[in-house]
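The sequence and structure are shown first.

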Amino acid sequence: MSAPAQTGSVSEFALIRRFFSSVGASREDVLIGVGDDCALLEVPPGLGLAVSLDTLVEGTHFFPDVDPESLGHKSLAVGLSDLAAMGATPAWATLSLTLPHPDETWLGAFARGFSALALAYGVRLVGGDMTRGPLSVSVQVHGFVRPGAAIPRSGARPDDLIWVSGTLGDAGLALRRLAAGEALEPGLRARLERPIPRVELGSALRGLATAMIDLSDGLAGDLGHILRASSVGAEVDLAALPLSPPVAAVVEADRDWGLPLTSGDDYELCFCTTAEQEPLIAALGRALNCPLAVVGQIRAAPGLVTRAPTGETNAVAARGYDHFPDET
Ligand SMILES: [Mg+2]
């Protein structure tokens with residue numbers, strides 16, 4: 001947090017000191033944290049550093065009137081979900097915050113939401129930047145994983161089972177309801193605004209999952225990344241998709257699986273294992289109190305195929321949300 005820009009009558013440095021100098025857990029591997037030119041951090045010997053950066057932009061990723069405490073939570077949660085998807089254990093975060101004006105009430109609420117989630121996962125905020133402009137939040141997360149134990153997208157093999165955690169389409173339904181000005185079913189707003197990253201599950205799958213990704217852009221698109229990286233295809237059984245009651249009701253009414261297949265922001269994990277490991281993974285889900293469902297199987301032939309409850313199969317585009325659909 002070194003740029004000398006003034007964000008208003010209160011200096012950037014005063015705001016950082018007040019709201020961001022002690023966010024999250026205290027950690028012995030943070031030799032120097034917020035307040036110097038750089039943070040100085042110590043990676044444990046033998047471990048790799050897993051790094052992921054995400055930006056959330058007003059109007060693209062959240063509504064202008066979003067609750068700042070929820071935004072603080074979500075801006076860290078999306079990064080922790082990426083660490084979970086590699087099997088990495090979270091350690092540190094940096095934050096770049098662009099604000100139209102230095103609203104201290106807003107900043108206090110944002111820092112509260114960010115810090116509560118950081119504390120829950122032992123993460124320390126170690127530095128960042130604050131500038132004036134249209135509201136956007138960038139968070140970089142750092143975690144540890146033994147290089148040989150990280151779970152990439154590229155390890156899925158034919159006949160592997162495809163698993164997902166939690167339920168699919170809840171955040172997409174919440175977004176649809178909010179955009180239409182409709183009332184939200186109980187619990188749905190939290191699924192969109194306060195996703196819980198599957199950190200414990202991700203690290204427990206080290207040595208068990210052959211491939212893994214987190215569901216940020218929808219199952220079809222994110223599973224598609226695994227399929228391409230692994231040079232395989234998949235068949236997904238639509239009747240096996242885990243749905244909350246409100247999403248199940250919409251799928252039934254619309255006769256359309258688009259919500260659980262292609263809506264994003266669920267931050268569940270999608271992973272593959274060999275079929276022999278099914279009982280072990282099911283037991284792991286129970287031990288972690290994390291719902292897990294087998295939703296399909298990897299095939300040697302490329303492409304993503306869905307099987308409807310009627311038995312009818314359909315090839316679907318293995319694509320999720322794309323910010324630049326016409327430009328690539
Ligand atoms: Mg991801």
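Is Glu-104 buried, partly exposed or exposed? Glu-104 has a relative accessible area of 28% and is therefore partly exposed; buried means under 20% relative accessible area, exposed over 50%, and partly exposed in between, with a 1.4 Å probe and protein chains only.

## Basis of the model

The model is predicted: local features need pLDDT of at least 70, side-chain atom pairs count only at pLDDT 80 or more, and totals for chains, interfaces and linings use all residues. Residues are numbered from 1 along each chain as its sequence is written, and side-chain values use heavy atoms, with hydrogens and water left out.

## Salt bridges

A salt bridge is defined as a side-chain nitrogen of Lys or Arg within 4 Å of a carboxyl oxygen of Asp or Glu. By this rule there are 14 salt bridges. In one of them Glu-104 meets Arg-18, at 2.1 Å from N to O. This pair connects distant parts of the chain, with Arg-18 in helix α1 and Glu-104 in helix α3, 86 residues apart; helices are DSSP runs of H or I with at least four residues, strands are runs of E with at least two, and both are numbered from the N terminus. Arg-18, at a relative accessible area of 57%, is exposed.

Asp-170 and Arg-191 form another salt bridge, at 2.9 Å from N to O. Here helix α4 (residues 170–179) supplies Asp-170 and helix α5 (residues 188–193) supplies Arg-191, 21 residues apart. Asp-170 is buried, with a relative accessible area of 2%. Both residues belong to a salt-bridge network that also includes Arg-198 and Glu-268. A further bridge joins Glu-182 to Arg-177 at 3.0 Å, N to O; Glu-182 is partly exposed at 40%, whereas Arg-177 is buried at 15% relative accessibility.

## Magnesium site

The magnesium ion has Asp-82 (OD) and Asp-214 (OD) as its protein donors, lying 2.1 Å from it. These two residues are 132 residues apart, Asp-82 in helix α2 (residues 68–86) and Asp-214 in strand β8 (residues 211–214). Donors are N, O and S atoms within 2.8 Å of the metal (3.2 Å for Na, K and Ca), and sites may look incomplete because water is not among the atoms. Asp-82 is partly exposed, with a relative accessible area of 22%, whereas Asp-214 is buried at 3%.

## Strand pairing around β6

Of the ten residues in strand β6 (residues 136–145), nine are buried. Leu-53 stands opposite Gln-140 in β6, and Thr-98 stands opposite Ser-136 in β6.

## Aromatic pairs

Rings of Phe, Tyr and Trp (its six-membered ring) pair if their centres lie within 6.5 Å; planes under 30 degrees apart count as stacked, over 60 as edge-to-face and the rest as tilted. The count is five aromatic pairs. Phe-20 and Phe-110 are edge-to-face, with 6.4 Å between centres and 70° between planes. Since Phe-20 lies in helix α1 (residues 12–20) and Phe-110 in helix α3 (residues 104–120), the pair ties together parts that are 90 residues apart in sequence. Both Phe-20 and Phe-110 are buried.

Trp-92 and Phe-144 are also edge-to-face, at 5.1 Å centre to centre and 85° between the planes. This pair ties strand β4 to strand β6, with the two residues 52 apart in sequence. Trp-92 and Phe-144 are buried.

Technical notes. Two strands pair if DSSP finds at least two bridges between them.
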